[in-house]
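Try each task yourself before you read its solution.

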Amino acid sequence: GHQLVLSADGARSVTLGRADENDVTIKGNLISRVHARIVLNKSHYVLVDESTNGTFVQRDDGEEIYVRRDSAQLTGSGLIGLGRVAARGTLLAVEYSCED
(Lines give C-alpha, C1' and ligand atoms only; values in the text may rest on other atoms or scores of the structure.)
Protein backbone atom coordinates (compact mmCIF):
# COMPACT_ATOMS: atom_id res chain seq x y z
CA GLY A 1 0.00 0.00 0.00
CA HIS A 2 3.01 2.34 -0.12
CA GLN A 3 4.47 4.12 -3.12
CA LEU A 4 8.10 5.18 -3.54
CA VAL A 5 9.25 7.39 -6.39
CA LEU A 6 12.80 7.54 -7.78
CA SER A 7 13.62 10.64 -9.78
CA ALA A 8 16.59 12.71 -10.90
CA ASP A 9 15.70 15.47 -8.45
CA GLY A 10 14.69 13.22 -5.53
CA ALA A 11 15.52 9.78 -4.16
CA ARG A 12 17.90 7.90 -6.47
CA SER A 13 17.81 4.46 -4.81
CA VAL A 14 15.72 2.23 -2.55
CA THR A 15 16.62 -0.91 -0.65
CA LEU A 16 14.42 -3.99 -0.32
CA GLY A 17 14.77 -6.77 2.25
CA ARG A 18 13.58 -8.22 5.54
CA ALA A 19 15.54 -5.87 7.86
CA ASP A 20 13.53 -2.95 9.24
CA GLU A 21 16.20 -0.49 8.01
CA ASN A 22 15.23 -1.05 4.35
CA ASP A 23 13.08 1.42 2.44
CA VAL A 24 10.79 -1.52 1.58
CA THR A 25 10.60 -4.19 4.29
CA ILE A 26 9.18 -7.59 3.36
CA LYS A 27 9.30 -10.49 5.80
CA GLY A 28 9.88 -13.97 4.41
CA ASN A 29 12.08 -17.01 4.97
CA LEU A 30 13.79 -16.70 1.55
CA ILE A 31 14.38 -12.94 1.82
CA SER A 32 17.81 -11.64 2.84
CA ARG A 33 18.26 -8.82 5.35
CA VAL A 34 19.31 -6.51 2.52
CA HIS A 35 18.04 -8.41 -0.49
CA ALA A 36 18.18 -5.94 -3.39
CA ARG A 37 18.42 -2.29 -4.41
CA ILE A 38 16.77 -0.34 -7.18
CA VAL A 39 18.99 2.46 -8.43
CA LEU A 40 18.25 5.30 -10.83
CA ASN A 41 21.38 5.44 -13.00
CA LYS A 42 21.09 8.41 -15.37
CA SER A 43 17.77 7.61 -17.05
CA HIS A 44 17.77 3.84 -16.36
CA TYR A 45 16.31 1.94 -13.42
CA VAL A 46 18.58 -0.92 -12.36
CA LEU A 47 17.75 -3.76 -9.98
CA VAL A 48 20.85 -4.92 -8.09
CA ASP A 49 20.45 -8.27 -6.29
CA GLU A 50 22.61 -8.83 -3.19
CA SER A 51 20.87 -11.95 -1.89
CA THR A 52 21.40 -15.66 -1.48
CA ASN A 53 18.16 -16.72 -3.22
CA GLY A 54 17.91 -14.17 -6.01
CA THR A 55 15.20 -11.84 -7.23
CA PHE A 56 12.47 -12.63 -9.74
CA VAL A 57 11.16 -9.94 -12.11
CA GLN A 58 7.94 -10.61 -14.00
CA ARG A 59 7.29 -7.88 -16.54
CA ASP A 60 3.72 -7.16 -17.58
CA ASP A 61 4.69 -7.91 -21.19
CA GLY A 62 5.41 -11.53 -20.19
CA GLU A 63 9.21 -11.43 -19.91
CA GLU A 64 10.61 -13.08 -16.78
CA ILE A 65 14.07 -12.32 -15.41
CA TYR A 66 15.96 -14.07 -12.61
CA VAL A 67 18.76 -12.02 -11.04
CA ARG A 68 21.18 -13.46 -8.47
CA ARG A 69 24.15 -11.41 -7.26
CA ASP A 70 23.96 -9.45 -10.48
CA SER A 71 21.96 -6.57 -11.92
CA ALA A 72 19.27 -6.07 -14.55
CA GLN A 73 17.63 -3.03 -16.07
CA LEU A 74 13.97 -2.54 -15.17
CA THR A 75 11.71 -1.41 -17.99
CA GLY A 76 7.98 -1.08 -18.39
CA SER A 77 6.03 -2.35 -15.42
CA GLY A 78 5.62 -5.58 -13.51
CA LEU A 79 6.30 -7.44 -10.27
CA ILE A 80 9.41 -8.05 -8.24
CA GLY A 81 9.59 -11.14 -6.03
CA LEU A 82 12.33 -11.48 -3.43
CA GLY A 83 13.58 -15.05 -3.18
CA ARG A 84 10.64 -16.48 -5.14
CA VAL A 85 8.12 -15.64 -7.84
CA ALA A 86 5.46 -13.36 -6.36
CA ALA A 87 1.77 -13.20 -7.18
CA ARG A 88 0.16 -9.80 -7.77
CA GLY A 89 -1.70 -8.51 -4.74
CA THR A 90 0.21 -10.58 -2.17
CA LEU A 91 2.39 -9.22 0.63
CA LEU A 92 5.49 -10.63 -1.09
CA ALA A 93 4.93 -8.77 -4.38
CA VAL A 94 6.52 -5.42 -5.16
CA GLU A 95 4.88 -3.72 -8.12
CA TYR A 96 6.99 -1.36 -10.21
CA SER A 97 6.42 1.00 -13.10
CA CYS A 98 9.15 2.83 -15.03
CA GLU A 99 8.00 6.03 -16.68
CA ASP A 100 9.91 8.48 -18.86
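Predicted model: local features only at pLDDT ≥ 70, side-chain atom pairs only at ≥ 80, totals over all residues.

**Exercise 1.** Find which residues line the largest cavity, and sort them by type.

*Solution.* Start with the idea: rolling a probe the size of a water molecule over the atoms shows where empty space is left. Here the count comes to one cavity of 30 Å³ or more, and the largest cavity has a volume of about 30 Å³. Next, list the lining: Gly28, Asn29, Leu30, Ile31, Leu82, Arg84 and Leu92. Now sort that lining, and you get four nonpolar residues, two polar and one charged.

**Exercise 2.** Work out which parts of the chain the salt bridge between Arg88 and Asp60 ties together.

*Solution.* First check the pair: the side chains of Arg88 and Asp60 come to 2.6 Å, N to O, inside the 4 Å cut-off for a salt bridge. Then place both ends: Arg88 sits in the loop between β8 (77-82) and β9 (93-97), and Asp60 in the loop between β5 (55-59) and β6 (64-67), so the pair ties together parts 28 residues apart in sequence. Arg88 also forms a salt bridge with Glu95 (3.0 Å, N to O).

Technical notes. Residues numbered from 1 in each chain as written. Heavy atoms only, no water. 1 Å grid on protein atoms, 1.4 Å probe; cavity = no way out; pocket = protein on both sides within 12 Å on 5 of 7 lines; lining within 4 Å. Points joined across faces, edges and corners; volume = space filled by probe spheres on them. Nonpolar A, V, L, I, M, F, W, Y, C, P; charged D, E, K, R; others polar. Helix = DSSP H or I, 4+ residues; strand = E, 2+ residues; numbered from the N terminus.
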